[in-house]
Structure formats: C-alpha cells, structure tokens
Amino acid sequence: MTLAKRWLTVMTNNAVGNHVITLLEGLHKERPNLLRVLTYHQVEDLAGFDQQMQYLSRYYHVVSTARVLEACKEGTPLPPRSVLITFDDAYRNFAECAWPVLKRYGLPVTLFVPTAFPDRPDHIFWWDRLEHALRHTGHRDHIQTPIGRLSLATNRQRYQAFLRLRRYLRRLPHSEILAWTYQLCRELDTPQPESQVLSWDELRQLANEGVTLGAHTRTHPSLDQLSSQEAQAEAVGSLQDLEREVGQAPPIFAYPGGQFREDIVQALRQAGFALAFTTIRGVNDLRYADPLRLRRINIGRRATLPVLRVRLLHSSWYLNQLRPLAKAS
Ligand SMILES: [Zn+2]
C-alpha cells in the first residue's frame with residue numbers, strides 16, 4: 001500500500017480523522033468557476049454511495065453536462081462548489097444501484113457508453129474477462145506470464161495477479177491485449193462471463209428518465225495506441241451510434257482509460273466535440289482549462305463518504321498549490 005493510500009485509510013476510518021476532514025473543509029476557501037468532475041464505474045457499497053450523494057446534494061451544486069457546456073461556450077459562471085457526476089462504461093450496475101439513488105436526490109448524471117457493447121453478449125470488456133478467468137479458474141497454483149510467475153493460491157493473490165496483469169496489458173496495442181487475454185482465458189479454461197453492459201433499450205429508458213449519455217468510443221481501445229484518424233473514427237462513430245439509437249447526443253467524450261495525445265485532442269476538436277474528460281486527477285478552473293482535457297476525480301466502487309470528502313479536499317489542495325505558480329507566470 002502506498003503512503004498516500006495508507007494516509008487515506010487512517011484519515012477515513014476513525015473519529016479523529018473525520019474531525020480533521022471537517023476542520024479542513026471549514027478552512028478551505030472556494031474560488032468561483034471551479035468544476036470538480038467525479039468518475040465512477042460501478043457501485044458496490046450502496047449505503048456508502050447513498051451517503052455520498054446525500055452529502056453532495058447538501059454541500060455542493062451538482063450540475064448537468066448541459067450547464068457545463070453552456071459555461072464553456074457562453075462563459076456563464078458555474079455556481080460555487082460545482083460538481084459533475086460521471087459514470088464510465090455503461091455497466092448494468094449503474095441502472096440497478098446508482099441511478100435509483102441519484103434519482104431520489106434529484107442529481108443529474110452523465111453515463112459514457114462504449115457503443116459496440118450494448119446488445120452484444122459476445123462483447124466482454126477484456127479486463128472483466130481477465131478478472132473472471134483468474135477468479136474462477138480451477139488452476140490452483142500459478143501461471144507464467146510476460147511479467148513473471150503469478151501465484152493463484154488464494155483469492156487475494158488472484159486479485160493481485162489481475163491488477164498486475166491489467167497494469168501491464170494497458171500499455172499494449174488493443175489487438176495484442178485482446179489476443180493475449182483470449183489466449184490466457186483458454187489456458188485457464190474458464191467460460192466467458194455474461195456481458196454486464198446495458199442494452200440499447202435500457203439506455204433509451206435511462207435517457208428518457210434524464211440520464212445524459214456521452215460517447216466513449218465504440219470498442220474502448222486506448223487511444224494513444226491508435227493514429228489520430230483511427231481515434232477520431234472511434235469517437236465520432238460512438239457519437240453517431242448514440243444519435244441513431246437514442247435520438248440525440250451532446251458532443252461530449254470520455255477518453256478510455258484516460259489515454260490521449262495532443263493530435264487526438266485536435267482531431268476531436270475538428271470533429272466538433274465540445275467537452276472531453278481525461279482521468280488526470282484534479283479540479284478544473286474553467287477560466288483556463290481546455291474543455292477537451294478536463295480533469296476528473298476517480299471514486300472507487302467501495303468508496304465511503306469520508307473517502308469522497310478527502311478526494312474532493314485533496315484535489316482542492318493541489319489547486320491551491322498551483323495558484324501562486326499561475327500568478328507568477
Ligand atoms: Zn471506460
């Protein structure tokens with residue numbers, strides 16, 4: 001566990017730590033026109049998620065993507081303590097766990113959809129396939145991999161093996177990742193898991209109920225492994241799929257895995273995208289931020305309310321550290 005993670009665990013798991021968080025929140029001076037963007041994928045701790053949304057609805061202004069688009073286009077300022085809530089990958093878990101809670105608190109949300117996956121039970125995210133195979137294989141000893149021998153003796157070791165392999169594979173070209181995952185799953189002799197992605201009918205229903213759907217490529221490749229033309233085709237194709245299936249879609253995009261290059265940002269700008277979200281951690285000052293390179297704050301599936309509060313504070317602290325640099329330049 002890294003020092004930062006250990007610090008987070010200590011801060012968020014005792015009364016003194018919670019008191020310190022409250023104290024720091026009270027000391028924090030908020031500047032206008034800041035946007036914090038939260039990234040979720042799935043929610044496992046439902047009670048924790050409920051507390052987080054209750055907290056955001058009380059102490060922050062949760063804004064819609066339409067409001068952020070207007071702020072970027074027209075220069076209309078955002079309210080103080082603005083937060084945009086986003087979910088990536090369109091897992092069924094969003095509709096089953098997160099959306100009922102968001103609806104109850106009346107909070108707007110944006111869901112980024114990799115559009116080659118709905119209604120395709122044979123299309124499984126490679127990382128889900130890998131995790132499923134490592135968790136369920138009957139092989140009880142170890143596997144040989146490009147990053148060495150990985151033990152599968154305990155559930156914890158299997159999960160550690162998954163995390164290490166995922167980190168390694170993410171740096172490879174998309175076709176190599178798929179081929180490697182397919183080969184390993186064959187060796188581990190596990191059946192393919194069921195797709196966990198929402199169907200187009202379910203996505204249309206969510207859109208009718210007020211969820212904003214955004215483009216997240218078609219096949220979810222790391223864009224930094226593609227040419228700018230291929231990356232543009234993935235992004236534009238995803239937007240066209242949404243327009244065809246749902247009727248309309250705003251020109252917004254989330255980079256898969258947060259990977260991008262300068263020429264890809266320019267290709268998205270040429271294609272007419274108005275907002276694009278990275279996974280670079282931080283808060284956006286909309287007076288200076290590039291709307292096609294917005295920062296986000298990742299919140300894990302088992303995160304509790306104190307974790308959310310620390311993440312929001314931590315990002316603000318970074319911003320304040322950067323302020324003197326911005327003024328001096
Ligand atoms: Zn994604």
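Leucine 35 counts as buried because 21 C-beta neighbours lie inside 10 Å, where a residue is buried if 20 or more other C-beta atoms, placed from the backbone, lie within 10 Å of its own, exposed if 12 or fewer, and partly exposed in between. This is a predicted model, in which local features need pLDDT of at least 70 and side-chain atom pairs count only at pLDDT 80 or more, whereas totals for chains, interfaces and linings use all residues. Residues are numbered from 1 along each chain as its sequence is written.

Leucine 35 has its place in strand 1, residues 34-40; helices (H or I, at least four residues) and strands (E, at least two) are DSSP runs, numbered from the N terminus. Apart from neighbours within four places in sequence, leucine 35 is in contact with Val68, Leu78, Ser82, Leu84, Asn284 and Leu286, a contact being two residues whose C-beta atoms, placed from the backbone, lie within 7 Å.

Turning to the helices, the axes of helix 3 (residues 46-59) and helix 5 (residues 92-104) come within 10 Å and cross at roughly 30 degrees, the axes being lines fitted to C-alpha atoms over the stretch in contact, with angles from 0 to 180 degrees between N-to-C directions. Helix 3 is therefore roughly parallel to helix 5, since angles under 35 degrees count as roughly parallel, over 145 as roughly antiparallel, 65 to 115 as roughly perpendicular and the rest as oblique. Leu46, Phe49, Asp50 and Met53 of helix 3 make the contact with Cys97, Ala98, Val101 and Leu102 of helix 5.

In helix 6 (residues 126-136), the buried residues are Leu130, Ala133 and Leu134. Because they cover an arc of only 95 degrees around the axis, they sit on the same side of helix 6, the arc being that of the directions from the helix axis to the C-beta atoms. These buried residues pack against helix 7 (155-169) and helix 8 (174-188).

The axes of helix 6 and helix 8 come within 10 Å and cross at roughly 20 degrees, which means that helix 6 is roughly parallel to helix 8. Here Trp126, Arg129, Leu130, Ala133 and Leu134 in helix 6 meet Ile177, Leu178, Thr181, Leu184, Cys185 and Leu188 in helix 8.
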